[in-house]
Amino acid sequence: MSEEEFRGALARLAAGVVLVTAHDEEEGPRGAPAGMTATAFMSVSLDPPLVLVSVRTGSRMDEVLERQPLWAASLLSEEHRSLAGRFAMKGRLSDRLLFQEVPHVLGEKTGAPLLKGALATIECATEQRVAAGDHTLVIARVLDAAVPAAPGGPLLYYRAGYRHLA
């Protein structure tokens, strides 16, 4: 099986899109927000409440989550398509500048940015990191979850593009 065949097969699995965020204490004198678009995010357990996110090993977010155990995920709606693209870009502007344009509040439990207008927000504390090929699986306990009244349906990633439910 080639890498292309593997990618092609898994591109047919629709996935929800989330913005994973944290407060990076080491960025500047007061720290700064960090963010990453993720499609490999899932519930792991109800008791205790656990979630998992997969981040590319050695990426900026992997480094942030290695030293900062508190983080959050905002589940994106179809209205967040351009935002998802901006936080997925390689070589993008600093996250500090991106967050200046993104309506958000800081989570009470984590200090991580929580996107206003998200379908749901989840605040987490890392419990375990597992090396898995070229990614790190970050398993975290859910500290808080909120389901604000947000319009629209979920933003999905399918066949290498952002989609919405028809």
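Student: Let's start with His80. What does His80 touch, leaving out residues up to four places away in sequence?

Tutor: His80 touches Leu115, Lys116, Gly117, Ala118 and Leu155. Keep in mind that this is a predicted model.

Student: Where is the place of His80?

Tutor: His80 is in the loop between strand 6 and helix 3.

Student: And why does His80 count as buried?

Tutor: Its relative accessibility is 11%, so His80 counts as buried; the cut-off is under 20%.

Student: OK, switching to strand 5. Is that one mostly covered or mostly uncovered?

Tutor: Mostly covered. Strand 5 spans residues 49-56, and six of its eight residues are buried.

Student: Which way does strand 4 run against strand 5, and how many bridges join them?

Tutor: Strand 4, residues 41-46, runs antiparallel to strand 5, with five bridges joining the two. They form a hairpin with two residues between them. As an example of a pair, Ser45 stands opposite Leu50 in strand 5.

Student: How many bridges join strand 5 to strand 10?

Tutor: Seven, and that pairing is antiparallel too. Strand 10 covers residues 135-146, and Thr136 in that strand is the bridge partner of Val55.

Student: Now the packing. Which residues in the largest nonpolar core touch the most other members?

Tutor: Val20, Phe41, Val53, Leu65 and Trp71, out of 20 residues in that core. Several elements each supply at least two residues of this core, including strand 2 (18-24), helix 2 (60-67), strand 9 (120-132) and strand 5.

Student: What does Leu65 touch, again not counting residues up to four places away in sequence?

Tutor: Leu65 touches Val20, Ala22, Val55, Trp71, Arg129 and Val138. There is also a second, separate core of 13 residues, with Leu83, Phe99, Val102 and Tyr162 among them.

Student: Last topic, the largest pocket. What volume does it have?

Tutor: About 1,600 Å³. The lining has 41 residues, and those nearest the centre are Thr39, Ala40, Arg56, His135 and Tyr157.

Student: Which elements give two or more residues to the lining of the largest pocket?

Tutor: Helix 1 (3-10), strand 3, strand 4, strand 5, helix 2, helix 3 (81-88) and strand 11 (155-158).

Student: How do the residues of that lining divide into nonpolar, polar and charged?

Tutor: The lining of the largest pocket has 23 nonpolar residues, nine polar and nine charged.

Note on methods
Residues numbered from 1 in each chain as written. Predicted model: local features only at pLDDT ≥ 70, side-chain atom pairs only at ≥ 80, totals over all residues. Heavy atoms only, no water. Buried < 20%, exposed > 50% of the residue type's maximum accessible area, 1.4 Å probe, protein only. Helix = DSSP H or I, 4+ residues; strand = E, 2+ residues; numbered from the N terminus. Pairing = 2+ DSSP bridges. Core = buried A, V, L, I, M, F, W, Y, C linked by side-chain atoms within 4.5 Å. Contact = heavy atoms within 4.5 Å. 1 Å grid on protein atoms, 1.4 Å probe; cavity = no way out; pocket = protein on both sides within 12 Å on 5 of 7 lines; lining within 4 Å. Points joined across faces, edges and corners; volume = space filled by probe spheres on them. Nonpolar A, V, L, I, M, F, W, Y, C, P; charged D, E, K, R; others polar.
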